[in-house]
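I opened the file to take notes on one chain. The entries below follow the order in which I looked things up.

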Amino acid sequence: MKSRTTSRRLALALPLALFLPLATACGDGSDGAAGSSGSSGGKTVTVTVGYQSKTINTVTAGTLLRSLGYFEQELAAAGKKDGRTYRVVWQDYATGAPITAQMTAGKIDIGSMGDFPLLINAARGRQLKEPTRLVAVTGYNLRGGLNTVVTAPGSPLRTLADLKGRKVSTSVGSAADGTLVRALRRAGLDPAKDVAKLNQQPSVGASALAAGSVDALSQFVAWPGLLAFQGRATALYDGAELNLPTFHGVTVREEFAKERPGVLDAFLRAQRRATDELRTRPVAAAESVAKETGLPAEVVYLYNGAQGIATFDPELRPELIAALKEDVPVLKEAGLVKDVDVDAFVDTAPLRRAAPGAAYPEAAAARPELWLRGQNSTRSFDSPGALLKAVRGADVRAAYVPDAVTGTLWFADRAVWVSDGGTWRAFVTRAAAERYVSGHPGSRTVAYADAVRLAS
């Protein structure tokens, strides 16, 4: 195992080019729209949408939706009926906080963000007399697997308890921060006293982890998977261990929704169309999002694929709303909100009115999956062992395997493999694998390359 000093030197030696596609947050709005949002100059109506291109479980309300042009199509159809011309301005941000700031200033009409930022959005909207409403969901994971805590390769840290006295980068008020706080408490640590938490943008935190200036990084989709894929991070904690739902959703300014209900309807119809596209053509959707964001398609597919970590469904499912209520005390304790009336914030009427449709099925348990180079489809397997056999000698673009306990999909070559009496199991974290081995005499951890060689 490399020493901590050696790991830091290697991290510092990484090419700067690795970071360049990720460092631009477009915080000033990539399209540079001026003036108030939702404005009407004569018969022209401008609609401003805030989204997070790198937060890829929001793509049905952001990156993918934008690339498909469905919102513009819906508005063009509406314009033929009402005689108006509609102009859509897309503004890209790294996190939900600046979207909320722009919404409460009346400069963004519709935005998408994670569960914790949504609550802050609701609280700030009320506080600043610019109330908002949660009207749809983008992607969700019922166990919390969209958030992960990672460390640098070669780190001596093995469990969350090892973070005591260490520096951890996260984006305060984000879903990933919420996961970190809850996970630390379950590990017997005080998030406010036992770790030094640095409030950083995801790209800044990724650079800090590589430079060795922080010991761990807690972030949301797609950062943990991206860093693992690039060999720049190792998973320390799988958010699905919390077994608490996490999701991202669509919020709209209440005033805008009242003034322009037809525009909101058009957005929700377009979002459902984008959701259908992603669910029926997941590989093509991953390639499209990769092209738009600069993220590797293999990473996009980890989260957004046919069996990805995120399940896409715009419905405001009761279990997600219940989880949102459970998030409020965490934000109150952190001093980020005083209180949030979740029932008043959630508005199911627009989606029922604008985009009714059969409910999508709940996500089935993930299965191992293989993506070969040159192929525009993937192949799934009944067991991790079957995947290992298929990988041997194949021209692999990406291989995915679910965690044996949480079901979180992970890169097969980044997972921790365990052999147990001829049966193969994979885990997102070493701690989870070691817990399994300790409870199953005769089982042992095996390096991925050896697992591929030994699988029979």
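Entry 1, terms and source. I call a residue buried under 20% relative accessible area, exposed over 50%, and partly exposed in between, with a 1.4 Å probe and protein chains only. The model is predicted, so I note that local features need pLDDT of at least 70, side-chain atom pairs count only at pLDDT 80 or more, and totals for chains, interfaces and linings use all residues. Residues are numbered from 1 along each chain as its sequence is written, and side-chain values use heavy atoms, with hydrogens and water left out.

N243 lies in the loop between β10 and β11 (246-253). Helices (H or I, at least four residues) and strands (E, at least two) are DSSP runs, numbered from the N terminus. I then turned to K129, another non-glycine residue with positive phi, near 60°. K129 sits in the loop between α6 and β5 (132-141). Is K129 buried or exposed? K129 is exposed, with a relative accessible area of 71%.

I counted 19 helices and 19 strands in the chain. The C-alpha trace spans about 70 × 50 × 40 Å along its principal axes. For 456 residues a compact globule would have a radius of gyration near 23 Å, and the chain has 22 Å, which agrees. That radius is taken over C-alpha atoms, and the globule rule is 2.2 Å times the number of residues to the power 0.38. Of the 456 residues, 57% count as buried. The chain exposes about 18300 Å², of which carbon and sulfur atoms supply 50%. Accessible areas come from the Shrake-Rupley method with a 1.4 Å probe; for residues, only the protein chains shown count as cover. I also checked contacts, meaning heavy atoms within 4.5 Å. Among contacts between residues at least 6 apart in sequence, 76% join residues at least 24 apart.

Two strands pair if DSSP finds at least two bridges between them. I found an open sheet in the order β8-β7-β9-β6-β10, with mixed pairing. Its edge strands are β8 (196-199) and β10 (234-238), each pairing on one side only. The twist averages 30° from one strand to the next. Axes are lines fitted to C-alpha atoms, for helices over the stretch in contact, and angles run from 0 to 180 degrees between N-to-C directions. Inside the sheet, β7 (residues 167-170) and β9 (residues 216-220) pair in the parallel sense over two bridges. V168 stands opposite A216 in β9. Helix α8 packs on this sheet, touching β6 (147-151), β7 and β9, and its direction makes about 155° with that of β9.

Why is α8 described as largely enclosed by the rest of the structure? Seven of the 10 residues of α8 (residues 202-211) are buried, so the helix is largely enclosed. Among the buried residues are P202, L209 and A210. Just after α8, G212 takes a positive phi of about 85°. A cis peptide bond joins V221 and A222, with omega about 5°. A222 is in the loop between β9 and α9 (223-229).

Two packed helices are described by the angle between their axes and the distance between the axes. Next, α7 (residues 175-186) packs on α14 at about 90°, with axes 11 Å apart. Here V181, R182 and R185 of α7 meet E326, D327, V330 and E333 of α14.

E254 is found in helix α10 (residues 254-259) and is buried, with a relative accessible area of 15%. Leaving aside neighbours within four places in sequence, E254 is in contact with R126, P131, T132 and R133.
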